[in-house]
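Walk through this model one region at a time. Keep the sequence and the 3D view open side by side.

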Amino acid sequence: MLSGSMALERCEPRGKLLLLGDAPAVVKALPEGIGIPLQPRGVARSRGSGTCLWLSPTQRLLLLATESDARLAVARIRALRSPDVWAFDAGARYVDFAVAGRDCAAVLNGGCSLDLREPAFPVDTCARTRFDQVPVLLVRSSPERFEILVERPLAHYLWLGLCRAVNDRRDET
Amino acid sequence: MTQRRLNGEALIDRTRLLTFTFNGRRYQGHPGDTLASALLANGVKRVARSFKLHRPRGIFSAGLEEPSALVTVGDGPYREVNVRATEAPLHEGLVARSQNCWPTVNFDAAAALGLFARFLPAGFYHKTFKWPAWGWYEGLMRRMAGLGRLNGIPDPDHYATQYHHCDVLVIGAGAAGLAAARAAAAVEDVVLLDSGDEFGGSVLRHELAALPRLLLLPRTTAMGYYDDGLVTALERIDEVRAPVPRGTQGPRQRLWKIRAARVVLATGAIERPLVFSNNDRPGIMLASAVRTYVTRYAVSPGTCAVIFTNNDSAYATAFALHERGVKVAAVVDLRQQPGAGLAARTRGAGIALHAGYAVVDTRGRSALKTVAIARCDPGVTRLLAGSLQWLRCDLLCVSGGWDPVVHLYAQAGGKLRFDARIAGFVPQRQGHRKAECIGAAAGHIDPPSQAPLLPVWRIPAWGRRDRRSLQWIDLAHDVTVADIELAATEGFRSVEHMKRYTTAGMAVDQGKTSNVNALALLGRATGREPAQVGTTTFRPPFHPVAIGALAGGRVDQRAQRFRRLPLQWHAEHGGVMEDHGGWLRPACYLESGETESQAIDREVRAARSAVALLDSSSLGKIEVCGEDAAQFLNRLYVNNVRTLEPGRLRYGLMLNDNGIIIDDGVLACLGEGRYMVNTSSAGALNTHFWMEEWLQCEWRSMRVWIAQQTAQWATLTLSGPKARTVLALLQLPVNLDGREFPHMHTRETEFEGTALRLRRASFTGELSFEIDVPADRGDALWCRLLELGAPHGIMPIGMEALDVLRVEKGFLEVGTDTDGDTSPLDVGWGVAISKKAEDFIGRRSLRRPAMQSAARLQLVGLLPAERNLRLPVGTHAIGAAGDIDGHVTSSCVSPHLERSVALARVRSGSTRMGQNVSLDIDGGRYSAVIGSTAFYDPKGERLDA
Amino acid sequence: MGRMAHSILQLARHAISGHQRWPPFWRSPQARERYDVLIIGGGGHGLATAYYLARNHGIRRAAVIERGWLGGGNTGRNTAIVRSNYLAAPSIRFYDFSLRQYEGLSRELGYNIMLSQRGVVNLAFSRHQLRLMNRRVNALRHAGVASELLTTGQIRRLMPLLREQSSAGRRLFGGFIQRRGGVVRHDAVAWGYARAADALGVDIIQDCEVTGFQTRNGAVTGVETRHGLISAPRVGIAVAGSSSVLAAKLGFDLPITSMALQAMVSEPVKPVLDVVLDGAVYVSQSDRGELVIGGGTDVYTSYAQRSGIQRVEDTMATLIDLFPAFGRLRFMRQWAGLVDLTPDASPILDSSPVNGVCLSCGWGTYGFKAIPAGGVAFAHLLATGASHPMAQAFSLGRFQSGALIDEGGSAGMDDREPLL
Amino acid sequence: MQIPCPYCGTRDALEFTWGGQAAVVRPADPQSCSDEEWCRYLFIRSNPRGPHHERWCHTYGCGQWLDVWRDTLTHVVEHAALIGVPRPRSEPSA
């Protein structure tokens with residue numbers, strides 16, 4: 001939906017891969033060219049081969065172009081039979097939204113308590129946090145654009161909340 | 001009606017007229033007016049009746065501290081009660097009326113209470129109304145109490161919430177606040193908020209708006225200071241416009257939650273009145289408020305004024321009135337020596353100055369007409385005989401000094417001290433980084449007095465008659481000097497006791513103009529200085545907040561956070577969606593003209609005779625992997641997990657360490673060190689949380705990884721004799737034959753290019769297949785199965801049918817057939833447990849005497865003697881001695897057994913098979929036989945098929 | 001108890017004299033050197049205990065010492081609700097005894113505590129909840145405590161402003177009511193008991209903080225206070241949220257966690273709610289017209305009698321989901337009490353590991369409604385050394401034997417927040 | 001209230017779940033301990049008024065359990081660390 005300078009949209013489905021394991025083992029298991037973030041809240045972008053988000057010391061989420069990419073990756077890693085790296089298809093688990101525009105940070109602050117000013121939350125930072133009552137995963141893809149990943153069962157509830165947050169700023173614009 | 005509008009500059013737009021009504025009469029005002037200034041401009045004096053004694057009251061202040069002028073504003077759904085007339089901005093068509101009076105504010109029947117005032121001292125109701133019981137009097141009391149009347153209509157407006165981070169938060173845009181904000185904004189992110197919207201006037205405001213790192217929040221009032229410097233503030237967005245239909249506008253108000261590295265409180269000070277006889281008449285106002293009405297709104301609240309003060313600041317009011325041509329009859333100053341310059345200037349203006357005098361009484365039934373002044377001794381302890389004289393005036397401007405607004409400072413944990421200079425409480429130390437007071441809020445009242453303020457908490461009454469019950473301290477709650485002294489006499493020496501006993505400071509204004517007078521007088525009555533008495537706690541909010549604003553966006557569709565199934569199909573096909581453990585799931589599917597019980601019965605029969613399709617997507621799906629996964633699960637579940645082979649399933653019970661059942665589910669071994677745990681729907685989150693807690697906090701050396709994959713998968717359950725037939729039509733690359741793929745086994749395969757998992761687990765007692773597919777494929781597969789199964793009589797079923805099926809089969813449901821006191825021993829797991837060698841969570845607790853007791857409630861089946869009597873869940877069994885013998889936990893009339901069956905927890909039930917229990921249903925006694933819980937297909941041939 | 005009886009005549013007489021000669025509610029005595037029984041904690045429980053010690057057991061050489069001002073703890077910080085609609089038999093018996101005492105208290109104390117038995121209503125928002133309620137109603141009926149299931153229609157008549165179905169999917173299935181339940185003017189309970197205990201000779205000493213204890217071979221001999229040492233062979237501790245702090249001074253720990261219980265009031269309005277609502281949100285309308293709203297506890301240890309904003313927001317969201325018409329009403333004041341929670345949400349009324357010291361604690365969020373029964377039972381324990389028949393289930397030993405009293409009704413684990 | 005998560009940085013307390021007193025030792029062999037010892041482990045807590053050593057989980061964030069040193073009177077969090085990571089000496093000890 002559009003309102004003033006704000007754009008709120010639901011993103012196209014993409015492949016998602018949940019990676020469990022300690023960083024070194026995970027790096028070893030992944031094909032060449034796919035980097036993973038080592039720092040908390042880090043985002044690693046690999047040429048062509050998608051984006052990897054830091055979720056926790058032992059969890060990362062790999063975003064890939066298509067769902068089949070993700071399934072292949074799962075199969076490949078399973079094939080390694082490593083007891084220290086585990087991969088799960090998470091393509092259907094999350095729904096992705098994006099909010100873009102000059103006020104995007106303020107819109108998110110309509111329900112999220114984080115400091116989203118650029119110095120505190122620069123581009124290519126991700127964070128798990130909450131928007132109102134909903135656990136979300138925020139990714140800042142550009143100074144004026146955030147992606148919001150949410151688990152499917154709460155996606156509708158979150159969408160209503162984000163629409164509300166955009167509307168609530170109408171008096172500003 | 002007299003017009004009291006003055007000439008000279010003001011912050012109102014004289015070029016435009018606004019029409020409004022008050023108590024049904026039409027008046028006019030200007031943009032920029034508040035309801036209060038507009039009423040005063042129209043000469044309206046009486047606007048309200050007091051809370052307890054219904055005394056006529058007028059406008060007392062010019063701000064949010066207003067104790068008296070509370071009115072009801074707006075009509076229909078927009079009606080708002082207890083609005084301070086001094087805060088309500090005027091807009092075209094505004095409708096306001098007095099409240100808490102009948103029939104009118106000018107003639108209020110309840111004012112008769114005044115005659116009995118002396119019989120109604122503080123706490124009088126505690127000393128009376130005991131016979132025959134309080135209830136006899138309460139109704140009347142309740143109708144008398146309260147102020148405005150709610151319209152009873154849902155609030156049509158909506159409210160926003162906004163988090164904000166900044167380096168410096170400045171509260172209050174007076175001179176001090178403006179300076180602080182401008183200085184900081186050069187180098188830091190700054191927020192400057194103020195209850196008004198001037199920000200030092202249009203010029204300065206323009207300038208400020210241009211500063212890139214400064215955010216201005218007009219019409220915003222700080223409400224509270226919470227842990228770690230979280231400041232909440234309420235922005236009144238729409239108050240300058242007339243109400244408009246919902247949704248056509250932005251939010252009505254916005255609740256800000258601001259986190260600042262530094263909070264600067266430039267919240268100013270509130271003027272304190274003086275306490276004397278009959279000091280509550282309409283026409284008696286705070287001196288500073290009168291000044292505001294004159295200079296800001298160009299309104300004179302009266303035609304002839306008297307100033308009554310104990311400090312220099314009120315002289316400015318005298319001069320302001322004088323300069324605008326309003327007659328000032330006299331300045332009455334309690335001090336023998338006012339500031340020299342002021343005295344001269346007053347006399348120079350031809351205003352009579354009575355130094356060393358006090359206002360000792362007032363007259364005027366409907367509004368102020370005359371005031372009596374008398375000479376007093378330097379300490380104002382007594383009045384000099386023969387010095388009494390009456391002055392005609394319709395406006396009395398009082399000033400007893402100033403109280404810094406230190407509410408947020410105190411909420412931030414700042415300590416206060418009593419400052420004799422201003423006879424008020426000020427911040428103890430400066431430079432409090434969390435919340436620093438500056439300017440008047442820090443006690444720096446300017447202009448600084450030439451002559452010191454003379455603290456006088458109560459003016460002696462003239463004559464012998466006791467007037468203490470006519471000397472008002474808290475105008476909002478009708479608390480008088482007599483009430484405070486009564487509290488002291490009766491032993492309520494603590495300021496908190498006095499507050500609760502007299503209710504001083506507990507009204508809507510929270511005693512902003514009365515608290516210090518009240519505590520000082522309590523001190524006087526108990527021989528203590530104000531400093532020793534101390535203040536009451538400054539509790540948030542500083543100023544009342546609409547409940548809707550606190551609820552923010554969590555209304556209507558967002559009132560509850562329910563989880564949604566991945567399938568949209570249900571609601572569109574008659575599914576009755578209800579809350580099941582936080583998920584919205586279909587209770588049943590209503591076909592036209594059907595009752596719920598008919599629908600449930602139809603669904604049950606389909607499951608038993610053909611095949612049912614159930615959306616089980618909310619089933620918890622937690623993947624537990626790693627070298628130590630088996631050992632990990634073996635410690636968490638009552639069952640032996642080590643012996644679980646790949647491709648197999650096992651039912652599991654999970655306890656807390658107190659030995660109580662907290663969840664059950666099905667464990668699947670998918671391969672070497674790979675397990676899938678299917679928890680109950682309600683338990684998915686808790687169980688995952690529980691696992692992580694043990695892994696991270698207790699068994700940190702274990703090599704285990706846990707993934708909460710519940711949301712990734714849709715789970716569709718085919719259940720019934722024809723389940724296999726229908727599933728076969730999908731032509732999965734899996735041999736579905738019962739010998740190849742028996743009960744309690746699982747398979748992983750692919751379907752149309754995506755992963756698919758099959759489990760032969762059954763909660764219905766019928767041959768069942770649980771099918772997992774990625775959540776976004778759920779809808780498609782569901783429809784496909786309905787299509788393929790149609791010839792075989794497939795039917796979607798809901799939770800209620802499932803409940804009947806599992807009760808028939810005698811499967812327990814955690815949280816329904818168990819409660820916070822149920823151990824596995826109570827549900828027949830003793831033998832299984834004794835076979836397990838290793839320890840598991842909760843095992844030790846089972847050995848405690850109370851858990852071993854033979855008299856515990858144990859889960860059994862009940863067959864009522866009356867075959868068709870459906871036992872209400874919760875029905876109690878009564879023992880021979882009249883003691884409680886147990887209770888029914890689940891129950892249904894089984895369509896297949898064609899009789900009523902029930903699950904129940906019965907005292908030592910497992911040892912009482914075949915015996916009768918006596919059930920009490922609404923006083924009637926019914927009998928039932930205790931038996932096994934497996935009513936249907938006890939051998940399990942159907943699900944093993 | 002001549003000077004005890006307040007009455008309208010007395011009120012009139014004092015009105016003539018300008019209310020200047022009312023006797024004080026209680027003396028402000030200096031602590032004596034020794035007492036037969038010393039009660040720590042001048043809240044409802046401590047004061048009631050003192051009163052019943054003197055009245056039921058003739059022990060008048062007793063004192064109540066209070067760190068601050070009497071009734072300043074949870075007694076003055078709760079939502080003032082009284083009810084006995086519990087689930088477990090021992091709880092029902094105990095709390096109903098308490099309610100019966102409340103019913104006669106105004107006359108017994110000669111002081112109107114303004115008991116308003118307007119009925120306490122619980123609501124069920126799922127079939128499951130409604131079934132659990134039926135179990136509770138039957139348990140109550142079997143214990144001789146009247147309560148009834150309510151249809152949605154009956155609830156509609158009791159609460160015309162209640163919204164039964166929300167567009168979010170919440171739906172009302174029914175509820176149940178205990179008509180004898182209601183509210184009391186909370187401060188009056190503390191004041192009434194204090195006044196009555198004082199009249200029977202009990203010393204009430206305020207601003208008297210306990211700094212330590214004196215013991216000789218495992219038995220208490222006295223209490224050290226800001227006002228010096230006070231000797232007593234028997235000491236009763238009734239300090240709610242501070243129980244663990246005093247226990248630590250005596251060298252033992254308790255199965256107790258102290259948490260902040262939030263409460264708030266709205267501005268006063270003419271009557272809009274004539275029953276007490278318990279459950280999704282705890283709300284009633286005071287005789288002054290304010291909505292008194294219980295906000296639930298902050299789930300972490302806290303001794304700060306201070307409240308956060310999150311709880312208020314959660315509570316208000318629930319409130320206006322049920323009563324959309326309250327949206328424009330303003331919330332006026334918030335505060336927090338300091339509650340002492342046990343693992344099974346039931347109290348501890350028992351002697352302690354230190355001889356002579358007895359405990360009345362673990363009242364959690366049920367303390368106020370338990371005051372009269374707690375006072376009777378604790379007085380009995382202090383006077384006889386044996387636990388009162390109706391309080392035997394509330395022993396310290398139950399945590400060892402496993403005989404917990406399941407009042408939480410929860411399946412052992414409170415609802416956790418989700419992990420993404 | 002805010003808690004400085006060693007991974008995610010300082011976050012509002014409403015992202016965390018409280019886990020009670022930290023470092024409560026579960027008996028190595030529960031079967032061999034007395035009812036009294038078991039009770040102590042299950043239920044008896046220090047519940048101090050002032051500095052407290054607790055366990056919190058960053059549920060809405062990284063999902064990690066943390067050792068937190070917090071003052072129960074002021075709600076000030078003095079330190080937060082990963083479970084098992086000892087608290088720096090410099091910190092005033094709880």
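Asn217(C) is exposed, with a relative accessible area of 74%. This is a predicted model, so every value here is computed from its atoms. Asn217(C) sits in the loop that links β9 (210-216) and β10 (219-225) of chain C. Its phi is positive, about 25°, although the residue is not a glycine.

Asp922(B) is not a glycine either, and its phi is positive, near 50°. Look for Asp922(B) in the loop between β48 (916-921) and β49 (924-931) of chain B. Is Asp922(B) buried or exposed? Its relative accessible area is 69%, and the cut-off for exposed is over 50%, so Asp922(B) counts as exposed.

Stay in chain B and turn to its cis peptide bonds. One runs from Trp102(B) to Pro103(B), with omega near 0°. Pro103(B) belongs to the loop between β7 (95-98) and α2 (124-127) of chain B. Another cis bond joins Pro540(B) and Pro541(B), with omega about 0°. Here the loop is the one between α13 (530-533) and β29 (545-546) of chain B, where Pro541(B) is found.

Next, follow strand β46 of chain B, residues 884-894. The strand is mostly covered: nine of its eleven residues are buried. In a regular strand, side chains alternate between the two faces of the sheet. Which strands pair with β46(B)? One is β45 (residues 876-878) of chain B, antiparallel to β46(B) over three bridges. Ala877(B) has Gly886(B) in β46(B) as its bridge partner. Five residues lie between the strands of this hairpin, and Gly882(B) takes a positive phi near 80° there.

The other is β47 (residues 899-907) of chain B. Eight bridges join β47(B) to β46(B), and the two run antiparallel. Within this pairing, Ser890(B) stands opposite Leu903(B) of β47(B). The hairpin of β46(B) and β47(B) has four residues between its strands. In that hairpin, Glu898(B) takes a positive phi near 50°.

Now move to chain D. The chain has 94 residues, of which 59% count as buried. It holds one helix and six strands. Their order along the sequence is β-β-β-α-β-β-β. Along the principal axes, the C-alpha atoms fill a box of roughly 40 × 25 × 25 Å. Take the contacts in chain D between residues at least 6 apart in sequence: 43% of them join residues at least 24 apart.

Finally, see where chain D meets chain A. Chain A brings 15 residues to the contact, and chain D brings eleven residues. The buried area is about 1,000 Å², with 57% given by carbon and sulfur atoms. On the chain A side, Pro57(A), Arg128(A) and Arg130(A) lose the most area to chain D, together 45% of what that side buries.

How many residue pairs are in polar contact between chain A and chain D? The count is six, with both residues at pLDDT 80 or more. Salt bridges across this interface number zero. Three strands of chain A, β5 (51-56), β9 (126-131) and β10 (134-142), each supply at least two residues of the side touching chain D. The most come from β9(A), which gives four residues. By class, the chain A side has eight nonpolar, four polar and three charged residues.

Definitions and conventions. Residues are numbered from 1 along each chain as its sequence is written. Chains are lettered from A and ligands numbered from 1 in the order in which they are written. This is a predicted model: local features need pLDDT of at least 70, side-chain atom pairs count only at pLDDT 80 or more; totals for chains, interfaces and linings use all residues. Side-chain values use heavy atoms; hydrogens and water are left out. Contact means heavy atoms within 4.5 Å. Buried area is the accessible area (1.4 Å probe) that two parts lose on being put together, summed over both. A salt bridge is a side-chain nitrogen of Lys or Arg within 4 Å of a carboxyl oxygen of Asp or Glu. A polar contact is a pair of N or O atoms within 3.5 Å; within protein, one must be able to donate a hydrogen and the other to accept it, and residues adjacent in sequence count only if both atoms are side-chain atoms. Ala, Val, Leu, Ile, Met, Phe, Trp, Tyr, Cys and Pro count as nonpolar, Asp, Glu, Lys and Arg as charged, and the others, Gly among them, as polar. Buried means under 20% relative accessible area, exposed over 50%, partly exposed in between (1.4 Å probe, protein chains only). Two strands pair if DSSP finds at least two bridges between them.
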